[in-house]
Structures are given as structure tokens and as C-alpha cells.
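Here is a short report on one protein model. Keep the 3D view open while reading.

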Amino acid sequence: MQVIVSANVVQAVMGTAAVWKLYTLLGYACTGRHLISFDPPDCLDAWLQTIDSGASEAYLYAIDLSSREWRDAAHNAATIRIEQNTAISWADPLAILPLDDALQVLAEKLGFLLENGENDWHFLLGIMPKSQRERIQNACDQGWLEPLHGGGSTIVAQLHARLKQPHRGLRTAMMFDSDRRHPLELAETWHPNEIIHGPKKCDAYEWEVLVKEKIPSRYWRLQRRFIESYMPDGQLRLVVDSNKVATLEAFLRMSPEQRWFYNMKQGFAQDRKSEKIDDSDIATRIEVGDMRQRDLYRHISEQDKIVLESGLGKQLGQHYAQALTNDFEWDQAAIEEAQTHLPNFLRLL
């Protein structure tokens, strides 16, 4: 984060028992936890002359380094302006806070809420360029950042709990699957009520309504159905069980959009089950395109539809752990999507 300290804050703590708070702010800057500047820049000079010379040199170096790195920071980098006796604002990217509230925020780890705290986290790290991944991993190692396992059933409750504490809410980001089954369900105007048959429910739709209001620039709702929908072809060939080779070949014959919204883990059969579609005869099993999938799969062969009934397995997401040490050949659309959303997370560090 970036921190701007107003002169009135410095004046308020100098010569008092609260001066340790200034030491804490500067100590964070020395370790690289945040960038720091003072407004005006010379408002700290008199105080620095009264403290230990070693500490003074360290603080001046941290301020100078912050100044140089500030020039390269994102224009919307998360920033706190610390003011004395001012109206409080918990806005993002610029929060205006008194010193005690600012210290609470700066002491808080940046929490990434994920449906699966392990597989989703490995996907997120794996799709980053190496330089970004190293930056994130360093923040984790330093204890400044942590992935949070939300689970499909508790992730919203965890988000609400964090938002109840403003200092923690400001340090919250979130990534989740789209759960969409057709490209049209990604439209801004789409609503689950458009579903003609089956339950009119899409958890990720409801989550996005919430996060768009509460943390609008700190979330990534995937464009594709699951994290598994981003698995490069070469990696799928490595991870899919030998008894699923025919299913994999049928999957690879589909168009990109068909793959992106297919239930890779459990196949067409599970989608019908969730929508309570009768599959007692072969005709119904083949005509899978009349529900939320619409006509997405209408033009693939009947044989491929049958083979794709069962999916490729529930454990695919575990393979993303390999992306931390081996460069995956992500498709261009995946790279472009990541490049759109990753800066919104990196600006929070």
C-alpha cells in the first residue's frame, strides 16, 4: 500500500507517549510492507534530528526508496492518507483515516477469499507472470498476505464478517468461478430468472451482485465456468486418467466456448441432475442443449455427447500446484483475462 502522512499527524505525536506509532509506520516502510511519504516532505526533518542516527538514516532511506517506487506504482494503488481530526473515509483506492485506524489497516494481512484456498490459489499464482508471482509469494512469506478458504457455502458469510470490520474489509479481495453454463450468461443484463427449467439459481451470480457493491475493484469473477476450464491442453493430457482418454479427446474436439462452459469435472450428467432433467432414455441424454446450455453443444456428434456424460474427474484443479514451478502454456484469451484482473490485486500490496 501507499501511505501519506500529513504534517498535523507528525506534530500531534512528537514529544508524546504516542510517538511509537510514528516509529511503527516508518518501521513498516523499512521492511517494504508499504510505501510512505510525508506532506509536506520536510515535516519530519526536525524530529529525525532528535532520534538515533542509525534509525534516522534507515527511515530516510525508506522514504527515499518509497519516493522512487511510488513513481512506478499503479495510478489506482491502494492508498491511505493519514490525517488528524478529519472526516473518516474507508474508500478505495484512497482512504482518509486517523492514525490509529490507519495502523489497524496496515497491520492487517491482505486476505484473498477463494472457493478453494489451495487449488484456486495455485491457479491464481500460476497464471501470473513469474515476476508477479514472486512478489505475491514474498508478501505471503513476510506474513502480509494470505489466501482464505471460503468454500462454496461459507465464502459469502466470511466476506460479510470481514466487511463488518472496516480495517479488515479494506484488506479483502476475492476470486470465484462464474458457474455460468453458456456465454450469454456472462452478459450484464442476464439474470437467473431467464432459466426456463430447473432451479433459478446461480450462486456466483448472487456473489457478484454483492461484491460489485462492496468491493467493486477487488474481485475477479472468472469468465469461464471453473478454474479447471483454463487448464492448457498439454497439461490435461498429463493429468487426465488413462480411462478418460476418450472423454478427453471428445473434449478437445469441442470449440473453445464449448470447453469453457462444459462441466469438466462431472460432465453433462451432473448438469442434468442439478436441473432435475429426466435422463431415463438415450434421446434425453443426447439432447442436453435445451436447458441452460441452450444450443451450445447442438452441433457436436452424438457419440461425443455420450462420451462427455461423465466429465474428466473432480481432481483436475489439484494439478495447478505444478504451475508454480512449471510454466503452463496458457491460451491467449486466458492471458488477456488475467492481465485485466491481476492489476486490481497487485495494486493492493
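Two residues are in contact when heavy atoms of each lie within 4.5 Å. The model is predicted.

**Around Ile-63**

Ile-63 sits in helix α4. Its contacts, apart from neighbours within four places in sequence, are Leu-26, Ile-36, Phe-38 and Leu-44. Thr-24 is 39 residues away from Ile-63 along the chain, and their C-alpha atoms are separated by 14 Å.

**The largest pocket**

Helix α4 also matters for the next topic. It gives the most to the lining of the largest pocket: six residues. Rolling a probe the size of a water molecule over the atoms shows where empty space is left. Here the largest pocket has a volume of about 700 Å³. Its lining counts 33 residues. Nearest the pocket centre lie Met-1, Gly-32, Leu-35, Arg-135 and Leu-349. Several helices each supply at least two lining residues: α2 (20-31), α4 (53-70), α5 (99-107), α7 (130-141) and α17 (332-346). Sorted by class, the lining has 20 nonpolar, six polar and seven charged residues.

**Helices α8 and α10**

Two packed helices are described by the angle between their axes and the distance between the axes. Helix α8 covers residues 151-163 and helix α10 covers residues 203-214. They pack at an angle of about 20°, with axes 12 Å apart. Angles under 35 degrees count as roughly parallel, so α8 is roughly parallel to α10. The crossing of the two is left-handed. On the α8 side, the contact is made by Gly-152, Ile-155, Val-156, Leu-159, His-160 and Leu-163. Helix α10 contributes Trp-207, Leu-210, Val-211 and Lys-214. Together, the residues of this contact divide into seven nonpolar, two polar and one charged.

**Backbone exceptions**

Most residues other than glycine have a negative phi, and most peptide bonds are trans. Which peptide bonds are cis? The table lists two.

| Cis peptide bond | Omega |
|---|---|
| Asp-39 to Pro-40 | near 0° |
| Asp-92 to Pro-93 | about 20° |

Pro-40 lies in the loop between β2 (35-39) and α3 (45-48). Pro-93 belongs to the loop between β3 (79-82) and β4 (94-97). Asn-85 is also in the loop between β3 and β4. The phi of Asn-85 is near 55°, a positive value in a residue other than glycine.

Technical notes: Residues are numbered from 1 along each chain as its sequence is written. This is a predicted model: local features need pLDDT of at least 70, side-chain atom pairs count only at pLDDT 80 or more; totals for chains, interfaces and linings use all residues. Side-chain values use heavy atoms; hydrogens and water are left out. Axes are lines fitted to C-alpha atoms, for helices over the stretch in contact, and angles run from 0 to 180 degrees between N-to-C directions. Helices (H or I, at least four residues) and strands (E, at least two) are DSSP runs, numbered from the N terminus. Angles under 35 degrees count as roughly parallel, over 145 as roughly antiparallel, 65 to 115 as roughly perpendicular and the rest as oblique. A crossing is left-handed if the near helix is turned anticlockwise from the far one by less than a right angle, and right-handed if clockwise. Ala, Val, Leu, Ile, Met, Phe, Trp, Tyr, Cys and Pro count as nonpolar, Asp, Glu, Lys and Arg as charged, and the others, Gly among them, as polar. On a 1 Å grid over the protein atoms alone, a cavity is a set of points where a 1.4 Å probe fits but cannot get out, and a pocket is an open set with protein on both sides within 12 Å along at least five of seven lines; lining residues have an atom within 4 Å of a point. Grid points are joined across faces, edges and corners, and a volume is the space filled by probe spheres set on the points.
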